[in-house]
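Subject: Two-chain model, handover and notes

Hello,

Here is the structure we talked about. My notes follow below it.

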Amino acid sequence: MWAADLVGAVSVVALGAAVVVASRQLPYYAEYGPGPGFLPFWLGLALVACGLGLVADLLVRGPRHEGRFVQPGSWRAAVVLGSLVGTILLVPYLGLTLGLGVLSAFLMRVLGRHSWFGCVLVGVLVVAGTRWIFGVWLKLPLPEGPLGF
Amino acid sequence: MDLLQNLYAGFSLALSPTNLLFAAIGVVYGTVMGAMPGIGSVTAVALLLPLTFTMNPTTALIMLAGIYYGVAYGGTITAVLINVPGDSSTVMTTLDGYQMALQGRAGPALAMAAIGSFIAGTIATVVLMSLAPSLAQLALRFGPPEYFALVLLAFSLLTAFEGRQPVKIAVATLLGLLIATVGLDVVGGRPRFTFGVPQLFGGISFVTAIVGLFGIGEVLASMERPYRLDVLQARFRLRDVFPGWQDWAASRWAILRGTLVGCLVGILPGAGATTASFFAYLTEKRLSRDPQRFGRGAIEGVAAPESANNAACISAFAPLLALGIPGSATTAVLLAGFLIWGIRPGPMLFQANADLVWALMASMYLGNLMLVLLNVFFIPAFVAVLRIPYTVLMPLIVVFSTMGAFSVNNDVFDVWLMVGFGVLGYLMKRLDYPVAPMVLALVLGPMAENSLRQALILSGGDLGIFFARPISGALMAMALLAYLYPVARWAVRTRGQRAAASGLSTGRG
């Protein structure tokens, strides 16, 4: 965790520095008062200061054994994230609601080892429910694939 | 009388069939979500917020407020029966509530929590009704410097109350403010940090950020550490549920003191129901004639924090409605709702939308009444909900978050943004950066920047304007003190450690 914490703190410094540089492209002061670059500049500077403080603190305390960032169960989080990204990529082919139905069934089967029947049932309910709530009730134009979902 | 007239108008609106129905939906859904460990009030409110975009604002607000205070009731069930807080505001309840459940007194613990919450909620609504209009009167005199000072005070109190890792809280706040600057600059109309992406010109939608941070982020974090819930078996026949007279005698002052603490803490910006329950428990323990009983199943240890968290939920509406400044992450989500419906909370709200305000406050009485009935008579139904496996619930959270993000602009781009915020929320959770300050900063960011810049335009760039005016000067002083508090505590602790170390070495020599 120490290394992960350090990476986090260094990223804060880097982000702050990038914001400071980017905010210099915007007018710091306009004729009517502080310009659009005013607040971002100071926010960036404060981020750099806080990040450096965190880095210094971590370096002074030194590496400690507080467990690892990657845990035995991390693959489950990766499965959720990966399949969600896959679902969004498949929206042009499956449509949004059918995609989410398949996603629900997939996650239940892989992570919960639920019965096929239960997984398909929840999947169908998700498609029907989201179509009804968001498509019929709220009248949103839902992205549909060639299958008409 | 004005108040009675307003109350009458409020109740007649809140008692309309639609509003009653949505209040009931809100409190039932809130109780269920509260009972689910890991789903707090922010997630519960944020998941349903997209459904309210096209609803009547009064009805929507009544439902969302019902969710907010309903979560605190539901969280108690989990705290008592599983020893896991269902919502962060019920952490203190686990201490004595679970002990009571082990002694076979889960029923009285839950009933007393519900009844205490009901009493506290009702008193807090009265306090809110009498306080909020006068606060709004005061706020009419606020200009840009006062608003900026108020926002700064909210951020600083968050740092002081959280206590742990003040630098990480500051980073989270700064990140939130930074994300809020994306989009067209409101004063000059120039795009900032949009990277040429047209969808970013309107800024990053708060709903997208919040369902990502809390919905997806929470799912990712909790999938990593799957938990099994061992629900304690308990009897919930009415005979087992009702507290005996000894319980009443022990709890009545605890409920009233909890209410008082809750009302006071709830009004403060930056402190919410969780802080309130914490203070109430400590107060009760300190005042007790027999502090040893606390942590071993003392019913006051359940009654006080439960009354306090509900009172704080309600009184937190005072700064939200009258000043337009939310005190916690959940009220920040509600503020975002207001802005989406095109209503600006603040002093003018009590004139422009008086019917909405009074209907909301009237609905709080009704909602609390529904909750106490639900949580005394229908406990077994909510306990059954706890048996739904997380692997069934989790895909549903993902589905609702995704649909919520999509519905903001009917654009898949927002769904991608949501995934990004989900990863950010997960990383922040794992690296121990608190997410609540970021949420508050996201919502308050545009207001903070506008008031800062307007104040500096007024003063011609002189920072002295924040200290020269009496109200803003006092608020700024309080904010600076709150920021200095963690520093002072750190200095005292380091000196203490040094003194101890030197004492040790001289003792040896």
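Helices (H or I, at least four residues) and strands (E, at least two) are DSSP runs, numbered from the N terminus. This is a predicted model: local features need pLDDT of at least 70, side-chain atom pairs count only at pLDDT 80 or more, and totals for chains, interfaces and linings use all residues. Residues are numbered from 1 along each chain as its sequence is written, chains are lettered from A and ligands numbered from 1 in the order in which they are written, and side-chain values use heavy atoms, with hydrogens and water left out.

**A residue at the contact**

Start with Thr402(B). It sits in helix 19 (residues 390–409) of chain B. Contact here means heavy atoms within 4.5 Å.

**The interface**

Chain A gives 60 residues to the contact and chain B gives 57. Together the chains bury about 5100 Å², with 81% of it on carbon and sulfur atoms. Buried area is the accessible area (1.4 Å probe) that two parts lose on being put together, summed over both.

Seven residue pairs are in polar contact between chain A and chain B, both residues at pLDDT 80 or more. A polar contact is a pair of N or O atoms within 3.5 Å; within protein, one must be able to donate a hydrogen and the other to accept it, and residues adjacent in sequence count only if both atoms are side-chain atoms.

On the side of chain A that touches chain B, the elements giving two or more residues include helix 1 (2–23), strand 2 (33–34) and helix 2 (38–61). Helix 3 of chain A supplies the largest share, nine residues. By type, this side has 46 nonpolar, eleven polar and three charged residues. Ala, Val, Leu, Ile, Met, Phe, Trp, Tyr, Cys and Pro count as nonpolar, Asp, Glu, Lys and Arg as charged, and the others, Gly among them, as polar.

**Salt bridges**

The count over all chains is twelve. The rule asks for a side-chain nitrogen of Lys or Arg within 4 Å of a carboxyl oxygen of Asp or Glu.

How many cross the interface of chain A and chain B? One does. Asp5(A) and Lys168(B) form a salt bridge, at 3.1 Å, N to O. Asp5(A) is in helix 1 of chain A and Lys168(B) in helix 8 (residues 166–180) of chain B, so the pair joins two chains. Asp5(A) is buried at 14%. Lys168(B) is buried at 5%.

Within chain B, Glu284(B) pairs with Arg257(B), the closest N and O atoms being 2.7 Å apart. This pair links helix 12 (residues 273–287) to helix 11 (residues 245–267), 27 residues apart. Glu284(B) is buried at 5%, whereas Arg257(B) is partly exposed at 30%.

Glu449(B) and Arg453(B) also form a salt bridge, at 3.0 Å, N to O. They are four residues apart in helix 21 (residues 436–459) of chain B, which means about one helical turn between them. Shared partners join Asp185(B), Arg192(B), Glu449(B) and Arg453(B) into one salt-bridge network.

**An enclosed helix**

In helix 17 of chain B, 19 of the 24 residues are buried, so the helix is largely enclosed by the rest of the structure.

Best regards

Definitions and conventions:
Buried < 20%, exposed > 50% of the residue type's maximum accessible area, 1.4 Å probe, protein only.
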